[in-house]
Every structure is written in C-alpha cells, then in structure tokens.
Amino acid sequence: MSTHSVDQSVTTKLTELRTALEQARSMPMSASAVVNRAEVLGLVDRVEEALQHAVADAGEVVGERDSVVASGQDRADEILRQAHSESERLVGETNVYQVAAARAAELEETATRETEALRVETEKYIEEKLANFELTLERTLDVVRRGRARISQGVVHGLGDDSDVADMELPEHLDG
C-alpha cells in the first residue's frame, strides 16, 4: 500500500469517527452524547489498523531511505576512489611526459652539438684536402712550366699564358 493511500485511509477513518460522534444523539441539557459503543469501537479499530499500516509503511520508507543513502554513499566513495586513481594516473603520465620531454630536449641538444662538431671537423678536413690539392696542383703546374721552359728554350710561361700552345706541333698519336 502506498504512503498516500495509507494517509487517505487514516484520514477517511478519522472522518468517519468524527461524523459518528457528531451525529450521535445528544443527551438533554448536556454536552454528552449517546453513541453506539460497538460502532465507535469498530471505527477506532479501523483507525488503529490504518495507523499501524501507516507506521509500517513509514518504517519501510525509512529503511529504504537508509538503504538508498548507504548505496549512494557507497557509489560516491567509489566515484571518489576512481577520481583519485585517475588523478594519480594523469599526474604519473604528466611526470612521464615531462621526463620524456626533458630527455628529448637533452638528446636534441646533444645531437645539435655533435652535428656542429662534425660540420666543423668536416670543413677542416675538406679545407686541409683542398690545401694539399692546391699545393699539389701548384707544384705540378710549376713542374709543367719548367718543363715547357726547357723545351721552349728558356721562355717561362705564366699561369693562363697559352700564347705559344697554338704554334706547338703535337705528335701524330696526340693530334686529333
């Protein structure tokens, strides 16, 4: 039985009891009334029964309320545990990310330093090789000039001076 219908039942029974008392035959010259004892006691019994149902229903509602509150508290505790766990996980991921980012920055800095050192070393190596090649070419050119000077009776030719090349006669196997 719902709480609302129990309330109506109690109210209805009390109204019936009131009506029975109001309609009771009055005693002359008195505020007293003559009532049918069995009828009024029956009405009182029905009110008492309705009240017992109302109290029982109220007890069930209170019991359900306690159960609902306990269940809600358990659920709230579980949500808080999950939130705490998720918070710790996110903080952990943030720490992992920060460590990874710092490590990546370290590696990038190391790679940049090593790349710069390698570039400087490579440029130095190339410079040395080009200097050696230049010296070798200059020596070779000097040997060629002296050789030409001997062949052409002491005329020393400067760099880019090919004025006498056109007058040279090449051997047949080189003449093309």
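**A friendly note on a predicted helical model**

1. Let's begin with the surface. The protein exposes about 14800 Å², and carbon and sulfur atoms supply 58% of that area. Accessible areas here come from the Shrake-Rupley method with a 1.4 Å probe, and for residues only the protein chains shown count as cover.

2. Please keep in mind that this is a predicted model: local features need pLDDT of at least 70, side-chain atom pairs count only at pLDDT 80 or more, and totals for chains, interfaces and linings use all residues. Residues are numbered from 1 along each chain as its sequence is written, and side-chain values use heavy atoms, leaving out hydrogens and water.

3. Next, the overall layout. The protein has two helices and two strands, arranged α-β-β-α from the N terminus on. Both kinds of element are DSSP runs numbered from the N terminus: helices are H or I with at least four residues, strands are E with at least two.

4. How much of the protein is buried? Buried residues make up 10% of the 176 residues. The word "buried" means under 20% relative accessible area, "exposed" means over 50%, and "partly exposed" lies in between (1.4 Å probe, protein chains only). As for contacts (heavy atoms within 4.5 Å), residues 24 or more positions apart account for 41% of those with a separation of 6 or more.

5. Now follow helix α2, which covers residues 37-151. At 1.5 Å a residue, its 115 residues should span 171 Å, and the end C-alpha atoms are 164 Å apart, which agrees. The expected span is 1.5 Å times one less than the number of residues in the helix.

6. Asn36 caps the N-terminal end, with a side-chain oxygen 3.1 Å from the backbone nitrogen of Ala38. After α2 comes Gln153, whose phi is positive, near 60 degrees.

7. Which residues of α2 are buried? They are Val40, Leu43, Val47, Ala50, Ala54, Asp57, Arg148 and Ala149.

8. On to charges. Side chains of opposite charge can pair when their charged atoms come close. A salt bridge is a side-chain nitrogen of Lys or Arg within 4 Å of a carboxyl oxygen of Asp or Glu, and a search of the whole structure finds nine of them.

9. Arg119 is partly exposed at 37% relative accessible area, and Glu123 is partly exposed at 45%.

10. Salt bridges that share partners also join Glu86, Arg89 and Glu93 into one network. Glu86 and Arg89 are three residues apart in helix α2, so about one helical turn separates them. Glu86 is partly exposed at 33% relative accessibility, and Arg89 is partly exposed at 38%.

11. Finally, find the nonpolar surface patch of about 320 Å² made by Tyr125, Ile126 and Leu130. Patches are made of residues with over 30% relative accessible area and no salt bridge; nonpolar side chains (Val, Leu, Ile, Met, Phe, Trp, Tyr) are joined within 5 Å, and like charges within 9 Å. Ile126 is found in helix α2 and is partly exposed, with a relative accessible area of 43%.

Definitions and conventions: Polar contact = N/O pair within 3.5 Å; in protein donor to acceptor, adjacent residues only side chain to side chain.
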